[in-house]
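Here's a quick briefing to read alongside the sequence and the model. Have both open as you go.

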Amino acid sequence: MGFEEVFPGSLREALDKVTRIPTYGERGAVRLVYNFLKLSKEERLSVVESLREAAESLRPCRECFILTDEEVCRICSDPRRIKRFICVVEESQDAYSIEKLERYRGVYHVLQGRIAPLEGISPEDLTVDKLLERIGKNRAKEVIIATNPNAEGEATANYLIRLIKDRFPKVKVSRVSYGLQFGSIIELADEVSLEKSFENRK
Ligand SMILES: [Zn+2]
């Protein structure tokens, strides 16, 4: 018997489907699927059920592109959030890790990736146009670029800084290193709170 005949079809199918997930090559798929199958049947089905739930209900927010189960996310629809501060991140998880600190009171903009010429990812593949539109619509006071501190994140940040300064010369553009650098996020939070207390005075 050849390999094709002994190898279970459902296993081949699962391995094949997982490689459709970005960054999951064959090795990643093997690790995920075989380890997943070590769970009890009950646990496997509960994992599948939660993934199904996520697959059905989650989508990008119409405004900021963060993953949400609403049309417009809870951050964008919260009247207490200061829309004039926009923090730009690569992915939803970056925004949620800043949210976890419960200090930042502005809104986010998720690029859905970063500029990566080697992978053929250019600004047109990201949500850059919508960002420019929001800067205008929100009458942004400050745009905080919080892309990742690696070569691609830096290149993306530099591109955006030039673009925004060119289009909106009056808008302040600042660069903070993403999430884990607590100090810069706290600084950012304080700046936004300051703005808030200023607004409340009026
Ligand atoms: Zn949103």
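Helix H6 (residues 128–137) has Val128, Leu131 and Ile135 buried; buried means 20 or more other C-beta atoms within 10 Å of a residue's own, exposed means 12 or fewer, and partly exposed is in between, with C-beta atoms placed from the backbone. Keep in mind that this is a predicted model, where local features need pLDDT of at least 70 and side-chain atom pairs count only at pLDDT 80 or more, while totals for chains, interfaces and linings use all residues. Residues are numbered from 1 along each chain as its sequence is written.

**Helix H6**
- The buried residues of H6 pack against strands S3 (82–89), S4 (106–110) and S5 (142–145), plus helix H7 (151–167); helices (H or I, at least four residues) and strands (E, at least two) are DSSP runs, numbered from the N terminus.
- Just after H6, arginine 139 has a positive phi of about 50 degrees.

**Helix H5**
- In H5 (residues 92–99), the buried residues are Ser92, Asp94, Ala95 and Ile98.
- They share the same side of H5, because their arc around the axis is only 165 degrees.

**Around isoleucine 66**
- Leaving out residues up to four places away in sequence, isoleucine 66 touches Pro60, Cys61, Cys73, Ile75, Ser92, Ala95, Tyr108 and Val110; contact means C-beta atoms, placed from the backbone, within 7 Å.

Conventions
The arc is that of the directions from the helix axis to the C-beta atoms. Two residues are in contact if their C-beta atoms, placed from the backbone, lie within 7 Å.
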